[in-house]
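Here's a quick briefing to read with the model open beside you. Take it one topic at a time and find each spot as you go.

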Amino acid sequence: MPGIAAPLIAWYERNARDLPWRRSGFGAWGTLVSEFMLQQTPVARVIPHLEAWLTRWPTPADLAAAAPAAAVTQWANLGYPRRALWLHRAAVEIRDRHDGIVPRDVDALLALTGIGDYTARAVGVFAYGDRHPVVDTNTRRVLARAVAGLAQPGPPGKGDLARMSAELPSDVDEAAVVNAAAMELGALVCTARAPKCDVCPLAAQCAWRAAGYPASEDRRRRQATYEGSDRQARGAVLKVLRDADPAAVRLDDVVPEWPDAAQRDRAIDSLIADGLAEAADGALFLPR
């Protein structure tokens, strides 16, 4: 078994969190929805939204039959609302191209709106039990430290899949556990700013620890402050539209109190450009 696999499996069996998408019978659609929601969003925020989403739309066809506005509204305050539109479009594509069944094939998954290397392989591994490398930010950090001896990983790239694949056992079930365990370790122990090396199952073989924890260039993208940002303005506009849906809102009544009128207008324009809002006859509304 590859170098980090055995200790990861043993640690995961004792420490894995009980999360909805890890339970038996969760299904490919639930897995896909959870992966959309988990992008750049903490687990604790996702769980109630996920349960509400799957109660309302238990199949891709159910979501596909709804208006895009309904998806944007149900997304509520999860952030990055374009994901709601992408998920709706993916549901339509699953209905129309795959008879309403989330595809198993990685290439077929990659052809769906909003799905990249990570999500496609996560569905293949965690929903269908196939053997693929699944690489997210947490996994990349674990590999960078334990295997490459770097404090932080470099920019994401296709090489990440090859590096993770080299660590996977040949057994399909064990490979799935290692994929999940690497992500879990990065989320709970091998964290970006305060790694808990004293309780890490890979401490004895961690190349970064053995080298004395050398610093390396941190090339992670820094997110701009939310307060006063264009993102905050977009969120304020979108909340007005969600609260009013299905009615339209006169443009003059869309957050008129916003302190920067140019920023508010820029937010409206960007929402329209992203397909998250539509405008007609001097009014703004969610996509029909």
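Before we start, helices and strands here are DSSP runs, helices having at least four residues and strands at least two, and they are numbered from the N terminus. Keep in mind that what you're looking at is a predicted model. We'll begin with the second largest pocket, where H9 supplies the largest share of the lining, three residues.

- If you want to click through the lining, go to Arg-140, Leu-143, Ala-144, Ala-148, Leu-150, Pro-153, Gly-154, Pro-155, Asp-160 and Arg-163.
- Sorted by class, the lining of the second largest pocket comes out as six nonpolar, one polar and three charged residues.

**The cavity**

- How many cavities of 30 Å³ or more are there? The count comes to one.
- The largest cavity holds about 130 Å³ of space.
- It's lined by 16 residues, and those closest to its centre are Arg-145, Cys-190, Cys-197, Cys-200 and Cys-206.
- H9 and helix H12 (207-210) are the elements that give two or more residues to this lining.
- H9 turns up here again as the top contributor to the lining of the largest cavity, with three residues.
- The lining of the largest cavity has 13 nonpolar residues, no polar ones and three charged ones.

**H9 against H11**

- H9 also packs on H11, with the two axes 7 Å apart and an angle of about 85° between them.
- Angles of 65 to 115 degrees count as roughly perpendicular, so H9 and H11 are roughly perpendicular to each other.
- On the H9 side you'll find Asn-138, Thr-139, Arg-141 and Val-142, and they meet Ala-182, Met-183, Leu-185, Gly-186 and Ala-187 in H11.
- The residues of this H9 and H11 contact split into five nonpolar, three polar and one charged.

**H8 against H11**

- Helix H8 (residues 117-127) is another partner for helix H11 (residues 172-188): their axes come within 10 Å and cross at roughly 130°.
- H8 and H11 are therefore oblique to each other.
- Is the crossing left-handed or right-handed? H8 passes H11 in a left-handed crossing.
- Tyr-118, Val-125 and Phe-126 are the H8 residues to look for, and they meet Ala-176, Asn-179, Ala-180 and Met-183 in H11.
- That contact of H8 with H11 has six nonpolar residues, one polar and no charged.
- Notice Met-183 of H11, which is part of the contact with H8 and also of the contact with H9.

**H2 against H3**

- Moving to another part of the chain, helix H2 (residues 28-38) and helix H3 (residues 43-56) have axes that come within 10 Å and cross at roughly 140°.
- That angle makes H2 oblique to H3.
- The handedness of this one is right-handed, as H2 passes H3.
- From H2, the contact takes in Trp-29, Gly-30, Val-33, Ser-34, Met-37 and Leu-38, and across from them in H3 are Val-43, Val-46, His-49, Leu-50, Trp-53 and Leu-54.
- Where H2 meets H3, the residues divide into nine nonpolar, three polar and no charged.

- Most residues other than glycine have a negative phi, and most peptide bonds are trans. Here are two spots that go the other way.
- Ala-76 has a positive phi, near 55°, even though this residue isn't glycine.
- To find Ala-76, look in the loop between helix H5 (68-75) and helix H6 (82-98).
- The peptide bond joining Asp-245 and Pro-246 is cis, with omega about 10°.
- Where does Pro-246 sit? Pro-246 is in the loop between helix H13 (230-244) and strand E1 (249-250).

Methods
Residues numbered from 1 in each chain as written. Predicted model: local features only at pLDDT ≥ 70, side-chain atom pairs only at ≥ 80, totals over all residues. Heavy atoms only, no water. 1 Å grid on protein atoms, 1.4 Å probe; cavity = no way out; pocket = protein on both sides within 12 Å on 5 of 7 lines; lining within 4 Å. Nonpolar A, V, L, I, M, F, W, Y, C, P; charged D, E, K, R; others polar. Axes fitted to C-alpha atoms, helices over the stretch in contact; angles between N-to-C directions. Parallel < 35°, antiparallel > 145°, perpendicular 65-115°, else oblique. Left-handed = near helix turned anticlockwise from the far one by under 90°. Contact = heavy atoms within 4.5 Å. Points joined across faces, edges and corners; volume = space filled by probe spheres on them.
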